[in-house]
Amino acid sequence: MKWENFRFALFEKAPEALWEHSLIVVITITLAILISVPLGIFLSRPKFKKFGLVTLNILNLLQAVPGIAVIALALPILGLGMKPAIVALLFQSLLPIVRNTIAGLLGVSSDVKEAASGMGMSQRRILLEVELPLAVPIILSGIRTATVYVVSIGTLASLIGAGGLGNLIMGGLALFRPEYLLVGAGLGALMAIFLDRMINYLEHRITPPGMGAE
Amino acid sequence: MTLSDFTSFLMKNSKTIMEYSENHFTLVLLAVGISLAIWVPVGLLLTKSDKWAARVLALANTIFCIPSLSMFAILVTIPMFGLGRKSALLALVLYAMMPLIRSVYDGVKNVDRNVIEAARGMGMGTRRILIEILVPLGMPIIFAGFRITVVMTTGIAAIATYIGERNLGRFIQEGLIRSNTPMMVTGALIISVIAIGLDTILGLVEKRIVPKGLRISR
């Protein structure tokens, strides 16, 4: 181990890699939330229950596909770069959020919903003011799973030219520079753990009083 | 890439595919075996102490967050492990900690208190309660954790190709380096089919294994 290499990896290489990695994670998760939460709400409505089961099964299958395979399959179809990587990651980050949105909304006790409709609330207001707030902790927990996943598979996205912390790790493995490995891998691990803790904290903060953590 | 590329690749490389699959499965089997031997007893022990359960589960959660490539990369820098199977195994066993401990713990904790009381009232000892009541009743949740562990291990094992394992991930690695699309896609498809297959089969077993009174509709 040489301090010089370590310094170079940490101060010259890491900032750009970290920036690219954050970009991948933020874009993917934002898109995933924008797609999955409405999809989850839609599928949890009683009318579309059958459809929901099919969708969940398809997403379940997609989820079983290993991350490295998804990345490898994305290359011939979508090409090289950050955009294909984001699309590939997006596919797999949908399931946890859709599943938890459905679970959260269906978990709202029917007594509460009846009380709300007894108070004269419309379906729309019940969804926005009763069901969603009560389901938010569970939805957030799905977002947390998806985020950790995207950070993790994001390191593999460097294989198809998306950049990110994977570049440092792959470079470190190719040249066998432990300093590169430690910086790239360490930052990746810290990023995942940090985001996990942060969303976990949000989950606890946002849980409506009276619901309490289980 | 056409279908004929794909089939000709399969034909030409059937020997390598067999070799890589064998390596892949050996690694997965070893990892899952060791994980079960370590984490199931740990999970059972943790049901005795809530304080320790919280600590260990937090640790397992943190480990589970670490990106798999990072985990392999970090282990490789430790001289005792280095490149190769030891690092790969350790990483896979560490990843299995979260799903296995969590499911064993949740499974046992979820068993109805009254059932345990009834068993104790019938004169069962702690050991018999564990073997005859807690484990069978907790089985659905425990098995779900096992299923996740197997599917996940199969996927992550492929990444171990970057630290010198010669398994199915190698097709992806080499395909990428040589821009050999048929090779890469074949590798990715084989792994995906195996993972989906295992998930489906274990899912069917999961339905069978649940005691009749406990079946939950999914």
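What share of residues 23-44 of chain A is helix, what share is strand, and how far apart are the end C-alpha atoms? The legends below start there.

View 1. Residues 23-44 of chain A are 100% helix and 0% strand, with end C-alpha atoms 31 Å apart. Helices here are DSSP runs of H or I with at least four residues, strands are E runs of at least two, and both are numbered from the N terminus. This is a predicted model, in which local features need pLDDT of at least 70, side-chain atom pairs count only at pLDDT 80 or more, and totals for chains, interfaces and linings use all residues. Residues are numbered from 1 along each chain as its sequence is written, and chains are lettered from A in the order in which they are written. UniProt (unreviewed entry) gives the annotation "transmembrane region" to residues 23-44, 56-79, 149-168 and 180-199 of chain A; such annotations may be inferred rather than shown by experiment. Residues 180-199 of chain A are 100% helix and 0% strand, and their end C-alpha atoms lie 28 Å apart.

**View 2. The annotated domain of chain A.** UniProt (unreviewed entry) places "domain: ABC transmembrane type-1" at residues 18-199 of chain A. Over residues 18-199, chain A is 85% helix and 0% strand, and the end C-alpha atoms are 19 Å apart.

**View 3. Helix 4 and helix 6 of chain A.** Helix 4 (residues 82-107) and helix 6 (residues 123-154) of chain A pack at about 155 degrees, with their axes 7 Å apart. The axes are lines fitted to C-alpha atoms over the stretch in contact, and angles run from 0 to 180 degrees between N-to-C directions. Helix 4 and helix 6 of chain A are therefore roughly antiparallel (an angle over 145 degrees).

**View 4. A bent helix in chain B.** Helix 7 (residues 126-159) of chain B has 34 residues, yet its end C-alpha atoms are only 42 Å apart, short of the 50 Å that a straight helix would reach at 1.5 Å a residue. Helix 7 of chain B bends by about 60 degrees at B:Met139, and a proline, B:Pro140, follows within four residues. The bend is the angle between axes fitted to the seven residues ending at a residue and the seven starting there.

**View 5. Two loop residues with positive phi.** Most residues other than glycine have a negative phi. A:Phe176 has phi near 45 degrees and sits in the loop between helix 7 (165-175) and helix 8 (178-206) of chain A. B:Ser179 has phi near 40 degrees and lies in the loop between helix 8 (169-177) and helix 9 (181-209) of chain B. B:Ser179 counts as exposed at 61% (over 50% relative accessible area, 1.4 Å probe, protein chains only).

Definitions and conventions:
Heavy atoms only, no water. Buried < 20%, exposed > 50% of the residue type's maximum accessible area, 1.4 Å probe, protein only. Expected span 1.5 Å × (residues − 1). Parallel < 35°, antiparallel > 145°, perpendicular 65-115°, else oblique.
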